[in-house]
Structure formats: C-alpha cells, structure tokens
Amino acid sequence: MTDPTIVRAFRTAVVPAAGMGTRFLPATKTVPKELLPVVDTPGIELVATEAAASGADKLVIVTAPGKAGVVAHFVEDLVLEGRLEAAGKHHLLEKVRRAPNLIDVKSVVQAEPLGLGHAVGCAEQALTTDEEAIAVLLPDDLVQPSGVLDVMARVRAKRGGSVLCAIDVPKSQVGSYGIFDVQEVPGIANPDVMRVRGMVEKPKLGDAPSTLAAAGRYLLDRAIFDALRRVEPGVGGELQLTDAIALLIDEGHPVHVVIHRGPRHDLGNPGGFLRASLDHALDHPDYGPSLRTWLSERLEQPASEL
C-alpha cells in the first residue's frame with residue numbers, strides 16, 4: 001500500500017526496456033536483460049516495486065519487437081499458481097503473485113532503437129490528458145534504498161518543473177556519465193537539492209562542471225514531450241532525452257536535481273549486476289549468513305589458490 005504521506009506528483013512511471021542487452025550475451029539471446037534475476041527477483045520487478053511505492057498506479061514499459069516477455073512477467077499465470085497451491089508451496093506462490101499485483105502494467109513498442117528520448121516519447125500515447133508529469137526509471141539503474149522519487153516529488157511540488165536524480169561520482173569516472181552543471185538555490189535547506197543550469201555528456205575531467213552524474217531517475221513535466229518533438233536527432237538518428245531537458249532549461253523551465261547518497265548499482269553490465277546481486281544476497285535472511293561466511297573464507301585464500 002502506498003504511504004499516504006507521499007506527495008503524489010505522478011501517476012505513470014515509464015520504464016524504457018527496448019535495449020538488446022548486448023553486454024550480457026549469450027544470456028540475453030533468449031532472455032531479456034530486464035528479467036535476469038537479482039538473487040531471485042528480476043530487475044524489472046525491483047523497478048516496478050520502487051515505482052509503486054512512490055505513488056505510481058500505472059507502469060508503461062517501452063519494449064522492442066520480440067521482447068513481450070518483459071511485460072508477460074506481470075501477467076497472472078493461473079496454471080503455475082494452481083500447481084504451486086496444490087503442492088502446498090505457498091511461499092513460492094506468494095512470490096509468483098507479487099508482480100501481477102504490484103501495479104497496472106501497459107506496454108508500448110519502440111519499433112526502432114532511436115534513443116532514450118524517442119523511447120520516452122513513445123510513452124505519451126499511454127497517458128491520460130490530465131497527467132501533468134511522469135516518472136522515468138531506467139531499469140539498468142538500481143537506486144537503493146528506494147525513496148528518492150518521494151524526495152523528487154516534494155521538490156517538484158515546491159519548485160515546479162522537472163526534477164532529476166544525481167549521484168556524486170569520483171573524478172576518475174566523470175567521463176562515463178552525463179554530468180550536471182548546478183548551482184545552489186537560496187532558501188533550500190537541503191544541500192542535496194540544487195538547480196540545474198545544464199548538462200555535459202561524458203566530459204573530459206577538465207571540462208566537467210561538477211562530479212554530479214545522472215542516475216536513471218527522472219520526474220519530468222509533461223512539457224518534455226513537446227521538447228522532444230522540437231529537438232534534432234543526433235548521431236545515428238537517436239533522440240536524446242538530455243537534449244530535450246537542455247531545451248527546457250534554455251526556455252526557463254525550472255529543473256532541479258536531488259543528490260542520492262545511498263547505493264546505486266548499474267545492472268546494465270555484468271560487473272555491476274554481480275555487485276547488485278551480492279548486495280541483495282548479503283541482506284537476504286535466507287542467503288545472507290551463509291554467503292557472508294563463504295565470502296570471508298574465499299577472500300582469505302591466496303590468489304594463487306583461486
């Protein structure tokens with residue numbers, strides 16, 4: 001159940017999931033990357049849980065042709081449920097029923113891989129006319145603990161416009177991210193809320209305006225769709241979401257960032273996925289204690305024995 005104290009800034013959360021998952025081949029040859037399990041829960045379900053907890057009642061998954069399995073994860077499987085119930089496996093039955101009961105899931109198809117901005121634009125058709133904002137959650141980014149969208153909603157309620165999530169990265173990593181150009185805002189008591197003046201995509205360290213990087217959570221005013229229609233495609237014909245946000249900033253649209261200080265894992269590459277799985281497993285009541293013991297013993301072995 002959604003916390004009644006949450007400021008409800010959006011009803012629809014959009015999850016772009018049209019990517020091919022090439023960094024996970026051959027695993028993603030038949031299984032969509034978003035369904036790979038973080039311990040025993042697919043990444044897409046973790047993102048859906050975060051969206052539902054922050055007030056969304058509809059999840060729009062932007063898929064590619066041939067990726068219907070991502071949406072199918074949220075459909076009831078009555079045959080499987082019946083078998084589990086008949087076998088008395090109620091703990092598994094509860095897990096299987098969790099995703100279909102989380103949130104109302106819709107899908108739209110991005111026919112061609114034309115960039116994140118294009119994927120977000122595809123979701124406009126699934127909105128009702130009275131929706132003033134949407135949340136966008138990139139499934140490759142696992143932001144923990146959940147709750148940053150709640151803070152972003154409160155900032156939008158007070159400041160208007162769009163609100164983005166940022167993480168503070170080491171200087172050595174700024175070239176791997178979109179980096180925010182920010183300024184402090186008078187009257188804001190929270191030092192982790194700042195005004196955005198612009199954004200630089202994967203800059204050299206000397207050109208980076210800060211060390212604050214985009215972290216895959218966006219609370220976007222509906223004006224983003226008009227901006228996406230007006231920006232020009234970039235390399236490969238791709239439409240970039242950051243270009244549309246930059247256009248809004250240039251036109252005086254308020255954009256703020258909320259700096260997330262907790263863990264964030266990149267599920268889009270095997271290394272980040274492994275770290276996320278370990279993080280979840282270590283905190284899991286069933287797997288954590290034995291895993292900690294095994295890891296301690298494993299790490300004590302000399303490198304020559306590994």
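**An aromatic pair and its surroundings**

Me: Is Phe-273 buried or exposed?
Reply: This is a predicted model, and the values come from it. Buried means under 20% relative accessible area. Phe-273 has a relative accessible area of 12%, so Phe-273 is buried.

Me: Is Phe-24 buried or exposed?
Reply: The cut-off is again under 20%. The relative accessibility of Phe-24 is 11%, so Phe-24 counts as buried.

Me: How are the rings of Phe-24 and Phe-273 arranged?
Reply: A pair of aromatic rings is described by the distance of the centres and the angle of the planes. The count comes to 1 aromatic pair. Here the centres of Phe-24 and Phe-273 are 5.6 Å apart. Planes over 60 degrees apart count as edge-to-face, and these stand at 75°, so the pair is edge-to-face.

Me: How do the axes of H7 and H8 lie to each other?
Reply: Helix H7 covers residues 223-230, and helix H8 covers residues 241-250. Their axes come within 9 Å and cross at roughly 110°. Angles of 65 to 115 degrees count as roughly perpendicular. H7 and H8 are therefore roughly perpendicular.

Me: How many charged residues does the contact of H7 with H8 have?
Reply: H7 contributes residues including Ile-224, Leu-228 and Arg-230. H8 contributes residues including Leu-241 and Leu-248. By class, the contact has 9 nonpolar and no polar residues, and the charged ones number 1.

Me: How many of the 11 residues of helix H1 are buried?
Reply: The buried residues of H1 include Ile-44, Leu-46 and Val-47. Glu-45 and Glu-50 are also among them. H1 is largely enclosed by the rest of the structure, because the buried residues number 9.

Me: Which residue just after H1 takes a positive phi?
Reply: H1 spans residues 43-53. Just after H1, a phi of about 110° is found at Gly-55.

Me: How many residues are in the largest nonpolar core?
Reply: In soluble globular proteins, nonpolar side chains tend to be buried together. S1, H1 and strand S4 are among the elements that give two or more residues to this core. Leu-59 is one of the residues that touch the most other members, and the core's residues number 42.

Methods
Residues are numbered from 1 along each chain as its sequence is written. This is a predicted model: local features need pLDDT of at least 70, side-chain atom pairs count only at pLDDT 80 or more; totals for chains, interfaces and linings use all residues. Side-chain values use heavy atoms; hydrogens and water are left out. Axes are lines fitted to C-alpha atoms, for helices over the stretch in contact, and angles run from 0 to 180 degrees between N-to-C directions. Helices (H or I, at least four residues) and strands (E, at least two) are DSSP runs, numbered from the N terminus. Angles under 35 degrees count as roughly parallel, over 145 as roughly antiparallel, 65 to 115 as roughly perpendicular and the rest as oblique. Contact means heavy atoms within 4.5 Å. Ala, Val, Leu, Ile, Met, Phe, Trp, Tyr, Cys and Pro count as nonpolar, Asp, Glu, Lys and Arg as charged, and the others, Gly among them, as polar. Buried means under 20% relative accessible area, exposed over 50%, partly exposed in between (1.4 Å probe, protein chains only). Rings of Phe, Tyr and Trp (its six-membered ring) pair if their centres lie within 6.5 Å; planes under 30 degrees apart count as stacked, over 60 as edge-to-face and the rest as tilted. A nonpolar core is a set of buried Ala, Val, Leu, Ile, Met, Phe, Trp, Tyr and Cys residues joined through side-chain atoms within 4.5 Å.
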